[in-house]
Amino acid sequence: MAMYVYKDKGRTKELYAKDALNEDKNKRYYCPNPNCDAHMYVCGVDGVSSAYFSATRKAYPHRKGCDFEASNNFNSRKFDENAFDFENVLEAMRIPSKSVLKKKSSNPHKTGESESNPLKTTRQIYDMCKSYPCSHSYNNLVIGQMLLDDRSEYMYPKGVFGNRVIESKVKSGAFYDSTKMELRLVAPSSQKYEFILQFVDMALFDTIKNSLYNNRDKLIVVSGLWGPSGTFNVFCTEIVSKKQIVVITK
């Protein structure tokens with residue numbers, strides 16, 4: 001499921017779901033993932049459903065592991081773009097105190113005016129970033145400078161530093177070290193970079209380790225403050241909260 005596609009194979013002409021209400025439902029479009037040749041079609045334009053794009057033809061599905069196969073329900077009208085501060089949100093996720101985290105939203109189920117509801121979770125940021133091309137901006141910050149994925153890989157020629165969200169997979173083979181309390185991921189799908197998740201709390205380490213072990217074939221989205229590990233193309237961040245990690249399922 002995607003909120004935008006390309007009209008041409010060269011992926012130069014974008015089409016957003018919000019602009020596709022009058023499009024031919026039998027016309028094929030191209031997946032935003034440059035490494036996926038799925039045939040995308042506009043859906044949800046009838047009744048009260050919101051429009052979106054999906055690979056509805058069984059003969060032309062997403063490639064295995066394509067990040068646009070998962071559901072994305074991002075609705076820009078529910079969030080206040082001008083109130084979104086990427087750096088502050090990622091810093092807040094690294095506050096381990098549950099009492100502090102709870103104070104961030106007095107009513108998490110509120111669906112009223114958007115001005116009181118900026119993006120504030122890893123999943124919300126991820127869904128937003130996947131709803132736009134990586135070269136576009138959200139509150140004056142380029143999408144590709146918030147999320148590392150297949151589309152934005154070219155924006156990271158020297159590595160991943162600072163506050164970033166990464167779309168990753170569990171590293172093949174032994175991906176954890178219980179003595180050091182470390183987990184290892186790779187990203188993007190080219191596996192150009194390796195990422196080390198470092199823990200100081202054993203209970204949190206075990207919880208995340210077990211979750212990733214049971215979802216080794218899934219996309220793992222991680223928000224963190226990334227820095228060099230001392231090894232070329234390997235970067236690390238400290239994980240202090242489950243809010244920093246999301247397993248993407250269909």
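Reply: Here are some notes on helices first, then salt bridges.

Reply: This is a predicted model, so local features need pLDDT of at least 70, side-chain atom pairs count only at pLDDT 80 or more, and totals for chains, interfaces and linings use all residues. Residues are numbered from 1 along each chain as its sequence is written, and side-chain values use heavy atoms, with hydrogens and water left out.

Me: Which residues of helix H1 are buried?

Reply: Phe86, Val89, Leu90, Ala92 and Met93, in a helix that runs over residues 86-93. Buried means under 20% relative accessible area, exposed over 50%, and partly exposed in between (1.4 Å probe, protein chains only). Helices are DSSP runs of H or I with at least four residues, strands are runs of E with at least two, and both are numbered from the N terminus.

Me: Why do they sit on the same side of H1?

Reply: Because they cover an arc of only 160° around the axis. That arc is taken from the directions from the helix axis to the C-beta atoms.

Me: What does Asp85 reach at the start of H1?

Reply: The backbone nitrogen of Glu87. A side-chain oxygen of Asp85 comes to within 3.3 Å of that nitrogen.

Me: And H3, how many of its residues are buried?

Reply: 7 of 9, so helix H3 (residues 122-130) is mostly covered by the under 20% cut-off. Among them are Ile125, Tyr126, Met128 and Lys130.

Me: Switching topic. How many salt bridges does a search of the whole structure find?

Reply: The search finds 12. A salt bridge is a side-chain nitrogen of Lys or Arg within 4 Å of a carboxyl oxygen of Asp or Glu.

Me: Which residue forms one with Asp149?

Reply: Lys130. The closest N and O atoms are 2.8 Å apart. The pair links distant parts of the chain: Asp149 is in the loop between strand E8 (147-148) and strand E9 (162-170), while Lys130 is in helix H3, 19 residues apart.

Me: Is that pair buried or exposed?

Reply: Asp149 is buried, at 0% relative accessible area. Lys130 is buried too, at 3%.

Me: What about Asp19 and Lys18, how exposed are they?

Reply: Their side chains meet in a salt bridge at 3.3 Å, N to O. Asp19 is partly exposed at 44% relative accessibility, and Lys18 is exposed at 65%.

Me: Where do Asp206 and Lys209 sit?

Reply: In helix H4 (residues 202-213), 3 residues apart, or about one helical turn. Asp206 is partly exposed at 29%, whereas Lys209 is buried at 15%.

Me: Which residues do shared partners join into one network?

Reply: Asp67, Lys130, Asp149, Arg151 and Glu167.

Terms used:
Polar contact = N/O pair within 3.5 Å; in protein donor to acceptor, adjacent residues only side chain to side chain.
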